[in-house]
Amino acid sequence: LPVGCATLARRLVAHDTPTPAEIAALRAAAHVAVAGAPRGSPATIVAVGGTSANLVKVVPAAGRDRILTRRRLGAARSALSGAPAAAVAERFGITTKRASLLPAGAALLEALMDRYGVERVTAVEEGLREGAIYALAWGGAGWRDRLDALAHGWGG
């Protein structure tokens with residue numbers, strides 16, 4: 001999908017700390033963006049990269065099991081809405097730039113959960129590069145033609 005948290009934040013957030021109206025706009029735009037995602041009914045969603053890994057740092061319970069739920073994303077929104085990005089960054093040990101993107105990232109994850117009817121997202125430290133390496137290792141040169149099988153288990 002041609003959307004990411006930086007794109008959403010740049011387009012919709014003018015304040016450091018986002019206003020309630022900006023948070024609502026992020027959530028609405030995220031739902032519109034993921035409406036174009038491929039159809040499917042995944043059992044789980046694994047979120048990769050810095051945004052999901054840093055959202056886990058903002059919610060103490062998620063730090064223990066790396067699971068993000070709607071309730072935990074709401075807790076993250078609350079934690080992020082109380083202070084400017086620099087203060088959030090210092091409090092949670094993340095960069096200021098990443099802290100400014102987390103409200104948009106939470107909106108995108110929530111929209112994906114809604115789109116696919118999934119109640120939880122597992123956040124992993126690994127990124128897309130590692131996933132591509134695993135896909136090539138397990139799926140061989142034709143890994144792109146086997147994405148559905150690979151998505152259901154590396155042995156698929």
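Mentor: Terms first: axes are lines fitted to C-alpha atoms, for helices over the stretch in contact, and angles run from 0 to 180 degrees between N-to-C directions. Helices are DSSP runs (H or I, at least four residues), numbered from the N terminus. This is a predicted model, so local features need pLDDT of at least 70 and side-chain atom pairs count only at pLDDT 80 or more, while totals for chains, interfaces and linings use all residues. Residues are numbered from 1 along each chain as its sequence is written, and side-chain values use heavy atoms, with hydrogens and water left out.

Trainee: OK. At what angle do α1 and α2 pack?

Mentor: About 135 degrees, with the axes 10 Å apart; α1 covers residues 5–12 and α2 residues 20–34. That makes the two helices oblique to each other (angles under 35 degrees are roughly parallel, over 145 roughly antiparallel, 65 to 115 roughly perpendicular, the rest oblique).

Trainee: And which residues of α1 and α2 meet?

Mentor: From α1 there are L8, A9, R11 and L12, and from α2 E22, A25, L26, A29 and A30. Contact here means heavy atoms within 4.5 Å.

Trainee: Switching to charges: how many salt bridges does the structure hold?

Mentor: There are 6, each being a side-chain nitrogen of Lys or Arg within 4 Å of a carboxyl oxygen of Asp or Glu. One of them pairs E110 with R27, at 2.7 Å from N to O. E110 is in helix α7 (residues 96–116) and R27 in α2, so this pair ties together parts 83 residues apart in sequence.

Trainee: Is E110 buried or exposed?

Mentor: Buried, with a relative accessible area of 6%. R27 is partly exposed at 31%. The cut-offs are under 20% relative accessible area for buried, over 50% for exposed, and partly exposed in between (1.4 Å probe, protein chains only).

Trainee: What's the N to O distance between E110 and R77?

Mentor: The closest N and O atoms of that salt bridge are 3.7 Å apart. R77 sits in helix α5 (residues 70–81), so its pairing with E110 in α7 links parts 33 residues apart in sequence. Shared partners join R27, R77 and E110 into one network. R77 is buried too, at 16% relative accessibility.

Trainee: Last one: where does T51 lie?

Mentor: In helix α3, residues 50–58. T51 is buried at 13% relative accessible area. Leaving aside neighbours within four places in sequence, T51 touches C5, R98, L102 and G105.
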